[in-house]
Amino acid sequence: MKRWLVGLLVVVLVLAALAWMFFPSPREPSAQSTSTQVSAASLRDPALIARGEYLAAVGDCAACHTSKGGVRYAGGRSLATPFGNVPAPNITPDPDTGLGRWSFEDFWRALHLGEGRHGELLYPVFSYTSFTKVTHDDALAIFAYLQSLPPVRQASDEPSLRFPYSLRRSLVAWRALYFKPGVYQPDPAQSAQWNRGAYLVQGLGHCNECHATRDALGGLSPDHTLTGGQIPEQNWYAPDLSVNPGGGLEGWSTRDIVDLLKTGQSAKGAAFGPMADVVRKSTQHMTDADLDAIATYLQSLPARSAAVAEVSHVSFDRAKGAKLYADRCADCHGADGRGVAGIYPPLDGNTSVNEPTGINAIRTVLLGGFAPVTAGNPRPYSMPPYAQELNDEEVATVVSYIRQSWSNKAPAVRPSEVGTYRHTPID
Amino acid sequence: MPAAATQPVVPDTIQQRVKACTTCHGVHGEGSPGSGVFPRLAGKPAAYLAQQLAYFQDGLRKYAPMEYTVRQLSPAYMEEIAAYFSAQEAPYHPSPVPSVSAAVMERGKQLVERGDSTRGIPSCVSCHGERLTGVEPAIPGLAGLSYDYVSAQIGSWRTHTRAAKSPDCMAIVANRLRDSDITAVAAWLGSLPPPTDMHAQPADPGKRVLPRWCVASAGAMP
């Protein structure tokens with residue numbers, strides 16, 4: 001194990017020990033009938049429930065809180081982290097296995113403070129680092145919606161985390177470093193639309209949970225929001241979201257952003273991998289006004305200083321890459337790399353082709369697949385997987401060729417990287 | 001040169017849309033007779049194909065490339081894709097079969113045609129049709145499947161990487177077969193000459209969709 005990692009573990013352990021001594025004891029759950037200010041009757045307001053359903057889609061709650069083939073919101077999906085696996089719990093109103101005994105105050109403490117019903121600290125794979133920005137009213141609507149669901153009896157598994165992460169008290173230290181509770185505060189210098197977009201992106205949308213780089217303890221730096229990062233365990237690269245010079249979405253118009261979020265496709269590229277899930281389950285259901293607000297906010301992200309160009313020592317056979325491209329790719333993406341409008345995405349200037357790691361291009365060549373089915377694109381075209389046809393060296397060659405053709409100037413990739421990502425689990 | 005001149009012309013057809021499928025299963029769903037790894041889809045009942053796509057989405061069938069490919073599809077689109085492959089008529093091509101003894105072949109023939117009542121194993125033809133080309137609406141043909149594919153699929157029922165919604169008849173059968181029986185069945189099926197009529201048989205209105213032995217045993221399954 002690397003020495004710095006041992007050092008970090010020691011720091012965590014010391015902080016955890018201190019926390020153990022000073023952190024207050026678990027609290028009693030608030031009794032639903034007496035201490036709550038939210039009456040059961042007000043939670044049955046159909047308009048509130050409908051708004052909560054929309055907000056739950058915006059937050060993509062079902063993505064984590066539903067197992068493969070399982071009942072929506074009944075939990076069971078195991079979320080892989082570098083520290084171990086955390087199963088997402090059942091959030092239907094079953095009294096024994098779900099949120100049936102929860103009051104709104106319990107729910108608010110979970111969403112806003114990252115605390116469970118008995119005061120236990122929640123693991124931040126539940127993105128309360130973002131959800132803390134959600135307003136009290138929106139949280140109430142989501143709670144009303146969840147409580148309106150048919151209860152499903154399905155017990156949640158316990159997390160299986162490695163020591164010391166298995167000690168919930170170790171989260172005291174983590175939270176001191178990375179978690180600042182607080183509802184989103186509008187910026188009076190900005191328009192209402194911009195503020196709505198910022199609220200959705202930073203809060204319920206929890207975009208930064210993937211679109212930023214996590215450190216060795218899984219924390220996110222407030223200095224690097226939405227600047228892109230490799231998603232731990234899933235091994236896809238979630239790009240920088242700035243449209244300004246040096247940004248991952250450089251040159252994307254408001255229209256491009258809205259198109260991608262609404263239909264899964266845009267003139268600049270298509271959604272694939274985890275973002276295809278996000279579009280299908282969440283963003284395609286958002287109102288045009290909210291999508292415009294998100295695009296307006298993203299348009300305002302600052303230009304990024306050009307990263308010190310990494311000198312690539314990887315060499316590849318350009319002629320062989322050109323031949324592979326002509327034989328396998330050009331029929332759809334075009335000899336000029338411009339793709340076919342509305343059908344096949346361009347590769348020239350494509351953020352997913354040029355992202356720093358090359359992971360997205362490598363895995364897309366290996367896996368192929370369909371763009372997400374959305375109301376705006378109900379019968380998407382697809383890309384063949386090449387994992388069966390091309391060996392590691394061939395994939396590396398054609399990916400390197402694409403990353404260094406037309407206006408693309410991204411580093412070449414190695415066959416060994418293809419070998420690594422060939423075996424990455426897909427879920 | 002204007003961009004339009006270099007832009008590829010893309011046919012607006014389902015065949016063009018399903019390139020992700022046809023690269024392995026063949027443009028007409030003929031499978032990969034050479035390797036036997038990718039099964040034939042052509043002519044299988046549409047409801048069966050759509051159901052299997054849903055099973056890959058729901059995690060009942062586990063095979064990472066298929067799970068990734070079907071992940072983003074809607075039920076309506078999966079039905080359209082299933083209908084495309086179901087309607088294809090592609091010639092059968094024999095796949096390689098390992099050399100096994102005459103006794104093994106005889107055992108395979110017995111299991112396929114008559115089953116083994118001493119072990120509670122029904123014959124293949126009793127469900128998959130006399131010609132083994134499947135039965136509408138949702139029982140797949142076995143004719144034309146390779147030795148490798150058949151043995152891998154029966155094995156996958158035993159290792160829980162393939163399943164059907166209950167009652168899962170094939171899980172019951174797979175768990176009653178000996179390892180040597182799997183080899184025998186796969187070898188016999190893989191070496192059968194292709195039938196002249198490749199279509200699935202129509203459902204027999206006098207026959208229940210799932211056999212009594214399956215519905216009755218399913219309740220006792222673990």
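This is a predicted model: local features need pLDDT of at least 70, side-chain atom pairs count only at pLDDT 80 or more; totals for chains, interfaces and linings use all residues.

Colleague: Which helices of chain B supply at least two residues each to the side that touches chain A?

Modeller: Helix 1 (3-6), helix 2 (14-17), helix 3 (19-25), helix 4 (46-58), helix 5 (64-70) and helix 6 (75-86) of chain B. The residues on that side of chain B divide into 17 nonpolar, ten polar and seven charged.

Colleague: What makes A:Arg379 and B:Glu80 a salt bridge?

Modeller: The closest N and O atoms of A:Arg379 and B:Glu80 are 2.6 Å apart. The cut-off is 4 Å between a side-chain nitrogen of Lys or Arg and a carboxyl oxygen of Asp or Glu, so the pair qualifies. The count between chain B and chain A is three salt bridges.

Colleague: How many residues does each chain bring to the contact, and how much area do chain B and chain A bury between them?

Modeller: Chain B brings 34 residues and chain A brings 38. Between them they bury about 2900 Å², with 54% of it on carbon and sulfur atoms. Of the area that chain B buries against chain A, 28% comes from B:Arg17, B:Tyr68 and B:Gln72, more than from any other three residues.

Colleague: How do you know that B:Cys169 and B:Cys214 form a disulfide?

Modeller: Their sulfur atoms are 2.1 Å apart, and the limit is 2.5 Å, so the pair counts as a disulfide. A search of the whole structure finds one disulfide over all chains. The pair links distant parts of the chain, B:Cys169 lying in helix 10 (residues 169-176) of chain B and B:Cys214 in helix 12 (residues 212-218) of chain B, 45 residues apart. Both B:Cys169 and B:Cys214 are buried.

Colleague: Why is the disulfide of B:Cys169 and B:Cys214 called left-handed?

Modeller: Because the torsion about its S-S bond is about -85 degrees.

Colleague: Why is B:Cys21 counted as buried?

Modeller: Its relative accessibility is 13%, and buried means under 20%, so B:Cys21 falls in that class. B:Cys21 is in no disulfide: the nearest cysteine sulfur, that of B:Cys24, is 9.3 Å away.

Colleague: And what is the relative accessible area of B:Cys124?

Modeller: The value for B:Cys124 is 15%, and B:Cys124 is therefore buried by the under 20% criterion. B:Cys124 is in no disulfide either, the nearest cysteine sulfur being that of B:Cys127, 9.1 Å away.

Terms used. Residues are numbered from 1 along each chain as its sequence is written. Chains are lettered from A and ligands numbered from 1 in the order in which they are written. Side-chain values use heavy atoms; hydrogens and water are left out. Contact means heavy atoms within 4.5 Å. Buried area is the accessible area (1.4 Å probe) that two parts lose on being put together, summed over both. Helices (H or I, at least four residues) and strands (E, at least two) are DSSP runs, numbered from the N terminus. Ala, Val, Leu, Ile, Met, Phe, Trp, Tyr, Cys and Pro count as nonpolar, Asp, Glu, Lys and Arg as charged, and the others, Gly among them, as polar. Buried means under 20% relative accessible area, exposed over 50%, partly exposed in between (1.4 Å probe, protein chains only).
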